[in-house]
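Here is a friendly briefing to keep beside you while you look through the chain. Take a moment with the sequence and the model, then read on.

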Amino acid sequence: MPVAVGPYGQTQPNCFDRVKMGFMMGFAVGMAAGAMFGTFSCLRVGMRGRELMGGVGKTMMQSGGTFGTFMAIGMGIRC
């Protein structure tokens, strides 16, 4: 497919850039969701202080990575 050039010389992003952007967007959304759900679940089991921060951080990274991976796959399919 030919790459369209805009009036100011911009080109559209290639497939790798789209997949990378999909991963970053999914990672950000997953981190936000992980912060909410991780905080709730850690407080529910009674974690406090350093243990709470570690548990919330772990949940944020896991959900961010998972959702980012699925968003990257979705963007890759669209290319």
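**Overview**

Of the 79 residues in the protein chain, 16% are buried. Please keep in mind that this is a predicted model. The secondary structure of the protein chain amounts to two helices and zero strands. The radius of gyration is 18 Å, well over the 12 Å that the globule rule gives for 79 residues, so the chain is more spread out than a compact globule.

**Overall dimensions and surface**

- Taken along the principal axes, the C-alpha atoms of the protein chain fill a box of roughly 55 × 25 × 15 Å.
- The protein chain exposes about 6,000 Å², and carbon and sulfur atoms supply 71% of that area.
- Among contacts in the protein chain with a separation of 6 or more, 71% are between residues 24 or more positions apart.

**Helix 1**

- Helix 1 covers residues 15-44, which makes 30 residues; at 1.5 Å a residue it should span 44 Å, and its end C-alpha atoms are 42 Å apart, which agrees.
- The buried residues here are G22, G26, G30, G34, G38 and C42.
- C42 has a relative accessible area of 5%; because buried means under 20%, C42 falls in that class.
- The cover over the buried residues of helix 1 includes helix 2, residues 50-78.
- After helix 1 comes G46, and its phi is positive, near 95°.

**The UniProt annotation**

- An unreviewed UniProt entry places the feature "transmembrane region" at residues 23-43.
- In the model, the span 23-43 is 100% helix and 0% strand, and its end C-alpha atoms lie 29 Å apart.

**Helix 2**

- Helix 2 has 29 residues, which at 1.5 Å a residue should span 42 Å; its end C-alpha atoms are 42 Å apart, which agrees.
- L52, G55, V56, G64, G68, A72 and M75 are the buried residues in helix 2.
- M53 and T39 are 14 residues apart in sequence, and their C-alpha atoms are 8.6 Å apart in space.

**The disulfide**

- How many disulfides does the structure hold? There is one, and it joins C15 to C79 with an S to S distance of 2.4 Å.
- The pair links distant parts of the chain: C15 belongs to helix 1, while C79 lies in the segment after helix 2, and the two are 64 residues apart.
- As a reminder, a disulfide is a covalent bond between the sulfur atoms of two cysteines.
- The link of C15 and C79 is right-handed, with 115° about the S-S bond.

Terms used
Residues are numbered from 1 along each chain as its sequence is written. This is a predicted model: local features need pLDDT of at least 70, side-chain atom pairs count only at pLDDT 80 or more; totals for chains, interfaces and linings use all residues. Side-chain values use heavy atoms; hydrogens and water are left out. Helices (H or I, at least four residues) and strands (E, at least two) are DSSP runs, numbered from the N terminus. The expected span of a helix is 1.5 Å times one less than its number of residues. Buried means under 20% relative accessible area, exposed over 50%, partly exposed in between (1.4 Å probe, protein chains only). Contact means heavy atoms within 4.5 Å. UniProt positions are given in the numbering used here, feature names are shortened, and annotations may be inferred rather than shown by experiment. A disulfide is a pair of cysteine sulfur atoms within 2.5 Å. The radius of gyration is taken over C-alpha atoms; the globule rule is 2.2 Å times the number of residues to the power 0.38. Accessible areas come from the Shrake-Rupley method with a 1.4 Å probe; for residues, only the protein chains shown count as cover.
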